[in-house]
Amino acid sequence: MTKRWIGALIVALATLGSLVFVQTQDSSETQEPEATNGATTDVVQPIAFPHNVHAGIDRIDCQYCHFSAERSVDAGIPPVRTCIGCHQIIGGTDERQQAEIAKVREYWTNQEPIPWVRIYKVADHVHFPHMRHIAAQVDCAECHGPVQEMGVLAEVNQPLSMGWCVSCHIERDVSRDCSVCHY
Amino acid sequence: MSDGLKRREFLKVLGVSGAGAGMVGCSTESVEKLMPYVVPPEEITPGVATWYASVCGECEAGCGMWVRTREGRVVKVEGNPDHPVSGGALCSRGHSSVQGLYNPDRFTGPMARQNGELQPISWDEAEQRLADGLAAAGQHLTLTGFAGPSMMTLMESFARATGGGVVRFDPLADAPLREAGRIAFGRNVVPWYDIEEAEMLVSFGADFLESWLSPVRDARAFSRMSGVDERGSKGRFVFVGSRLSLTGQNADEWLPIQPGSESLVALAMANVISGAGAGAGPYRDIVNAYTPENVSEATGIPAENIRELAIQFAEGPSLALGPGVAGQHRNATAANLAVAVLNSVAGNVGRTLHYSAPQLNAPAFGYSGVERVMQLIGQGVVGAVMIHGSNPIYALPASSGFRAAFESVPFKVSFASSPDETTALCDLVLPDRHFLESWGDSAVRPGSWAIQQPAMRPVPHFDTRQTGDVLLSVASLMGQDLGAATFHDHLQSRWQTVAASTGTADFEVFWQEALKSGVVELGGSQTGVAEQLRQPDRALVFDPPDFDGPGDLHLMVYPSSRFGHGSQNTNRPWLLELPDPVSKITWHSWVEMHPDRAAAMGLRNGDMVILSTDNGSVELPVWTYPGIRENVVAVPMGGGHEGAGRFSDGNGVNPLDLLPAESEALSGGLVHFATKVTVTPTGERRALATISGSDVQSNRPITPAVALSALTAEADHAEEEDGNGPLQELQGVGGFVPVETEGRPQDFPLEGAQHGEYGDPETPRWAMTIDLDKCTGCSACVTACQSENNVAWVGESQVTMGRDMGWIRLERYYEAVDASHAGPLDVRFMPMICQHCGNAPCEPVCPVYATYHTPDGINTQVYNRCVGTRYCLNNCPYKVRVYNWYTYTDEEPVREGLGHAPEPMNWAFNPDVTVRENGIMEKCSFCIHRIRGAQDRAAVEGSVIQDGEIIPACQQSCPAEAIVFGNIRDTRSRVAQSVESARVYRVLDELINTQPAVSYLKKVTFHDVESGEH
């Protein structure tokens, strides 16, 4: 008789104890915004590059700059030469624009790479092949969001979690096998 | 995230430990930068490898290689399939050259000795100092190891123009072989051996699968000759020698001769074949004097064995190979000559060995060259010595006196790229570039060339210059014009001549094609010339030589399978931790001793002993080995380095210090096998850092073999006889009804498990066969796998604890090894990898589903799920799973002596494969990244994967072509056909019903073995 009570007490305490622990975890989770990729809003890019101007207003194709997306696992970051291709002529209309574009020209003059802060990243233990998804007609915006409406990229506004990836795989009826991404 | 949390919540309630091990998830707390190119190189696509053809510079064999680079960094090297030497394969040393490139102990720039220490100086200053020093020196000498033809000619023209000379020294010079060719046939060359053409091979000690002349070429040829073919014919290999090297372990028969008595056996065989000398031309009288009967006592081999051997040798095309370097004794030239005579009377010259199309650049420049150097130094006429590609202080016995002679030279210069025993004495160091960063060329045979090109910009951590460029620059500082501004120009100008000889009008086109293909075949190699024996022009002694010292234990110092002569390129953890193919010992040295002799001396494995001769003494542990004569002990070269790098220092002993410094009278080669040794137990013991568990199979059918007679008698070998009868698996109706299966790879997945992707007949099923009749035990696959998959090295202390991380393990079992009399030899090699069992014991026991069976048949490991319970390792019957007990991949070791990856060694990581940290299980993945990569490519191109498109790293590297991998559901694939062989079996599967995807083909023996079981 006593044993049963003690047993139940231990289990109850254990449950409560670990629920508290779990609670703490949970609350820290809910304090974060939707994005689980952790990048916070105090990211400062070396140049305030606005995607809404280039991809939005100017309608430059994603793969003009992100050149290796269709043939490689990496999408590629545009080399400085791509930027200077236009900006050796285009100097900007207002002061703020001119200041930023001057920075691009300075990097080119010094033959230095622009040290962009990475925003979109899946974990190192995940293999994400861009070319496979491009070949499957997945639009860039499906994962990266409406980039053509975004100003300077500072945070990730899409889940980019495994569950989110898997749900799309289920929708499109492609492999859900763990080893297609985790190896 | 919420799904994951629920599961862990459940575990926490049960576990009630709750210590802060939180689920951090995929957050990127740290800021990561993305660095673009400024101007992108045309040939680089980020994420896609760029390959360059080049030539390996690890040894003189000159295997063509393909170098894989990612974003401008070398990450792996492989053999060039089009190259006549490598044929796509590469040995462990070749693979480890990546670690040589990224050796953290390389010189950071030129150095000059000031106040006893090497201090950094600038290149301009270094070159000026060299120019001034050479000008002041008057006569100078360059002591060099092997180099490509263009570099050799440049060194020679530099020497001529500036008042010097060039002496080449090969630590493993088979000078006696070359001299024997000269005496026998007037050909002062090392012949080209064509083992594949022979039906019978006899080696008198040459370790052609390890370090002798051209191991990759010979391993391929040997496996084609000796592996049983579809018609059921198999080449025979007999080893005649006092010690079984790895090469010897592959033999079908062993004649354990008394030390130094090879000549007697060879001449006795020649006697039988040539009719008591009648067919031996000028050697008639010599051959006539040696019969199987009268050599029997001196060799320790019964006459009938020698006679039988001779008769078999004469039956068809055959080949005899000489004593090699380990057996190079005081009458070594005579021994090689006896073998040449044997080949001649058997009609082999021009069929299986070719003096007319020799191996160029073979190591044949012996110790006598250095003796001459020391003589000149002693006369005081040498003002400067330059050392290139060589470490003579280590590679020469201490008794040579080279150290004292070298120290007395006023100006000593080295071009070594990393510190070693010789640079420790030098005044000036101008570090050369690694061959992966250098221009060069190689000629393997007349008419067969290759170009060595840099595969990346020089590693930025080290300010190096190619020695060829330095010589040209210094020559101009000394007022001499050598005809080119840079070594690249010099190389191209020499190749203009080669190009012109092909009739090509446009040199640029020719050059680009040569760089792309990596091979230039000009033809004109004249084979098939049956040289005629000539009257010997030297006095010859064929009797076994004298050995120095008291007692009866002969000391054999042999080239290491892992390091060769081991005087350079040992600062590589991949090689240091590669289990020696014979002893399976890593890191430290050992002395091999026959178990009976050890027992008589009261010694066991691990007992420390002191070996001493008149020339020196070393202390090292004993390893008992049945494959060595009872009156011989053997020590491998390559240990005992000082100041050669943080990994190689302090490991083992240098056995060369036990040797007398003597050049063999006729050839000038260093006499390696010349002294007896005393063994004194110290009473101390140490644990051997070995991965070997057991040397015997204990009646378990791990590596069964089949006799050739049994194989050919039963053409249709029913699987029932193997014991692979039908099994019953609970698979039907969701796992409640038994389904009959034979457990073959192609039976997966079983009925009842065919849902979703598992039921799709288009899904491949990856499987592999490994032919044990071809595997030579060389362990090239181990290093290839380590390089490809970022497999960590753990350090000696961890290996001693059994925590080595190799994904492939070469098991070696003795079935018939008897050093007391001649007879059949049976040593079985088995590369043991994850068997990717269809019914894997490791899969159901993982509490977090980190390992499971994929629809395409791979037992995969999801690294991020693994929590490190190690239950899977426990349950695996093949013990192929390895665990990261520490993080072995950081800049600093977690604890002293543990594996780590200091800059720039971490540049060698393959970006396609996850780098694991501590707490994670891993094992062979069938190179799943290559499979997924090929599937990605096929999906993007809209094509179908062909058989042979996916080659795992082990198969790619194997010189013996023993491994076949592919989709077993494709009935036309090589692997599907390979499993239909009569010799196929799966390890232990009928005992434990694991249904492996890896099948093995039984070794075929000439002697009878019990069929079925082992």
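User: How are helix α9 (residues 262-273) and helix α11 (residues 292-299) of chain B packed, by angle and axis distance?

Analyst: They pack at about 165°, with their axes 9 Å apart. Axes are lines fitted to C-alpha atoms, for helices over the stretch in contact, and angles run from 0 to 180 degrees between N-to-C directions. The helices themselves are DSSP runs (H or I, at least four residues; strands are E, at least two), numbered from the N terminus. This is a predicted model: local features need pLDDT of at least 70, side-chain atom pairs count only at pLDDT 80 or more, and totals for chains, interfaces and linings use all residues. Residues are numbered from 1 along each chain as its sequence is written, chains are lettered from A and ligands numbered from 1 in the order in which they are written, and side-chain values use heavy atoms, with hydrogens and water left out.

User: Is the crossing of α9(B) and α11(B) left-handed or right-handed?

Analyst: Left-handed. The term applies if the near helix is turned anticlockwise from the far one by less than a right angle; clockwise makes a crossing right-handed.

User: What makes the contact of α9(B) with α11(B), and of which classes are its residues?

Analyst: B:L264, B:V265, B:A268 and B:V272 of α9(B) meet B:P292, B:V295, B:A298 and B:T299 of α11(B). Contact means heavy atoms within 4.5 Å. Seven of these residues are nonpolar, one is polar and none is charged. Ala, Val, Leu, Ile, Met, Phe, Trp, Tyr, Cys and Pro count as nonpolar, Asp, Glu, Lys and Arg as charged, and the others, Gly among them, as polar.

User: Why does the pair α4(B) and α17(B) get the label it has?

Analyst: Helix α4 (residues 123-137) and helix α17 (residues 467-477) of chain B come within 9 Å and cross at roughly 60°. They are therefore oblique to each other. Their crossing is right-handed. B:W123, B:E127, B:Q128, B:L130 and B:A131 meet B:V470, B:S473, B:V474 and B:L477.

User: What is known of the second largest cavity?

Analyst: About 200 Å³ of space lies in the second largest cavity. It has 19 lining residues, and B:E577, B:P579, B:V782, B:G806 and B:I808 are the closest to its centre. α24(B) gives the most to the lining, with three residues. The lining has twelve nonpolar, three polar and four charged residues.

User: How big is the second largest pocket?

Analyst: Its volume is about 1,000 Å³. Of its 39 lining residues, B:G227, B:V228, B:D229, B:E230 and B:S233 are the closest to the centre. By class, eleven are nonpolar, twelve polar and 16 charged.

User: Where does a cis peptide bond join B:P749 to the chain?

Analyst: It joins B:F748 and B:P749, with omega about -10°. B:P749 is in the loop between β29 (737-741) and β30 of chain B.

Note on methods. 1 Å grid on protein atoms, 1.4 Å probe; cavity = no way out; pocket = protein on both sides within 12 Å on 5 of 7 lines; lining within 4 Å. Points joined across faces, edges and corners; volume = space filled by probe spheres on them. Parallel < 35°, antiparallel > 145°, perpendicular 65-115°, else oblique.
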